[in-house]
Amino acid sequence: MSRFFSSKLASLTPYTPGEQPKDMQYIKLNTNESPFPPSAGVIEAVTDQGSRLQLYSDPECTAIRSALAKQYGLSTSQVIATNGSDEVLNFAFMAFCDDTHPIAFADITYGFYPVFAQLHRIPYQEIPLKEDFTLDYHDYCSLHKNIVIANPNAPTGLALPLWQIEEILRSNPDHVVIIDEAYVDFGAESAVSLLSKYDNLLVTGTFSKSRSLAGARLGFGFGSPALISDLHTIRYSTNPYNVNRMTEFAGVAALGEQAYYDANAQEIIRVRGEVKTALEHLGFTVLDSKTNFLFAKSDRIGGEELYLALKKRGVLIRHFSKSRIKDYNRITVGTQAQMEAFLAAVSQILTQKGSNL
Ligand SMILES: *Cc1c(COP(=O)(O)O)cnc(C)c1O
């Protein structure tokens with residue numbers, strides 16, 4: 001830290017992204033990227049926009065916002081486009097929370113929420129998930145605080161049914177409820193259908209997971225026109241050109257090729273089921289995932305030990321040191337071939353460990 005760093009931020013612990021090591025070719029199952037490349041139209045759009053990079057991008061993001069509105073049955077005024085969904089989440093914390101408007105979220109959830117709260121000096125309440133990592137929606141009903149829920153949740157992979165989300169929205173009419181749907185395309189129910197009924201709902205989404213565009217950085221938020229307008233105020237006060245033109249038109253092209261991404265999501269769901277069964281046969285406890293990752297632990301090997309042993313064998317998964325989940329690992333569901341290599345490495349590690357006893 002330099003002697004110039006603001007004392008207000010001295011205690012800030014930044015978010016730790018999953019590692020992206022360059023020392024060798026890993027089978028990367030650690031950051032929930034898609035194992036499938038973007039569709040052909042996306043590559044074409046990026047090339048096309050590349051030759052226009054001397055021009056600023058559209059600060060209104062009209063092309064991607066109207067394409068999203070059309071696809072989700074909304075009006076363009078209900079849509080904001082951002083630099084990844086991390087940015088729309090950051091904007092929402094800035095717009096709707098302050099020292100007298102705190103925010104609540106689960107103790108085990110996306111690690112960026114407490115970082116945004118600390119960054120903006122927003123008081124926050126961490127509500128413990130139940131012993132089995134399920135979220136008891138009663139904990140959030142009539143809470144009278146702003147709320148952010150990842151649904152499905154990360155890193156657990158568990159999803160809440162829509163009626164429970166609706167109860168939370170209905171019982172907190174004077175507070176913003178953010179539903180982070182980064183993983184919704186892998187089998188959960190979206191809250192988008194509730195937008196017409198609840199003006200306190202903000203749904204966030206991303207092109208990073210199911211739409212193979214993590215490196216392009218494209219996210220979005222859906223809400224009432226008034227709520228979205230507040231987010232635009234924050235956007236115009238920080239970075240009006242937050243979405244670059246290659247990314248904007250990559251997003252438009254991806255929406256035009258939705259069938260490709262739907263098929264990929266179906267394949268991930270199929271492989272996820274097979275890997276879950278295989279891990280259970282190896283003695284793992286595996287949570288019921290509605291995402292593109294599995295959250296699993298073994299009584300035969302510690303979470304960190306398995307993570308390190310796999311890394312040595314060229315397979316990267318994600319381990320979190322937080323005490324409640326330190327026995328677990330989060331494993332992104334890749335292609336069938338990647339997952340076969342992963343499972344072979346896991347069996348080998350367990351066998352070697354057994355023979356060393
Ligand atoms: C990956 C992820 C995001 C955001 O990802 P972006 O790449 O910034 O769009 C948001 N929420 C959760 C829970 C995630 O796992």
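**Reading the ligand site and the pockets**

Modeller: Let us begin with the shell around the ligand, to which helix α3 (residues 84–96) gives the largest share, 3 residues. Please keep in mind that this is a predicted model.

Colleague: Which residues surround the ligand?

Modeller: A shell is read by listing the residues that have a heavy atom within 4 Å of the molecule. Here these are Gly-84, Ser-85, Asp-86, Tyr-110, Asp-180, Ala-182, Tyr-183, Thr-206, Ser-208, Lys-209 and Arg-217. By class, the shell holds 3 nonpolar, 4 polar and 4 charged residues.

Colleague: Which polar side-chain atoms lie 2.6 Å from an atom of the ligand?

Modeller: For a polar contact, one looks for N or O atoms paired within 3.5 Å. Asp-180 places a polar side-chain atom 2.6 Å from a nitrogen atom of the ligand, and Ser-208 places one 2.6 Å from an oxygen atom of the ligand. The backbone also takes part: a polar backbone atom of Asp-86 is 3.0 Å from a ligand oxygen.

Colleague: In which pocket does the ligand sit?

Modeller: Rolling a probe the size of a water molecule over the atoms shows where empty space is left. In this model the ligand sits in the largest pocket, which holds about 1100 Å³ of space. That pocket is lined by 45 residues, and Tyr-15, Thr-16, Tyr-110, Gly-111 and Arg-318 are the closest to its centre. Tyr-110 also belongs to the shell around the ligand.

Colleague: Which elements give two or more residues to the lining of the largest pocket?

Modeller: They are α3, β3 (103–106), α4 (112–119) and β4 (124–127). The largest share, 4 residues, comes from α4. The lining divides into 21 nonpolar, 14 polar and 10 charged residues.

Colleague: What can be said of the second largest pocket, its volume and its lining?

Modeller: About 150 Å³ of space lies in the second largest pocket. Its lining has 16 residues, with Tyr-72, Glu-181, Val-184, Asp-185 and Phe-220 nearest the centre. Strands β7 (201–206) and β8 (219–222) each give two or more residues to this lining, and β7 supplies the largest share, 4 residues. By class, the lining has 8 nonpolar, 5 polar and 3 charged residues.

Note on methods. Residues are numbered from 1 along each chain as its sequence is written. This is a predicted model: local features need pLDDT of at least 70, side-chain atom pairs count only at pLDDT 80 or more; totals for chains, interfaces and linings use all residues. Side-chain values use heavy atoms; hydrogens and water are left out. A polar contact is a pair of N or O atoms within 3.5 Å; within protein, one must be able to donate a hydrogen and the other to accept it, and residues adjacent in sequence count only if both atoms are side-chain atoms. On a 1 Å grid over the protein atoms alone, a cavity is a set of points where a 1.4 Å probe fits but cannot get out, and a pocket is an open set with protein on both sides within 12 Å along at least five of seven lines; lining residues have an atom within 4 Å of a point. A molecule sits in a cavity or pocket if more than half of its atoms lie within 2 Å of its grid points. Ala, Val, Leu, Ile, Met, Phe, Trp, Tyr, Cys and Pro count as nonpolar, Asp, Glu, Lys and Arg as charged, and the others, Gly among them, as polar. Grid points are joined across faces, edges and corners, and a volume is the space filled by probe spheres set on the points.
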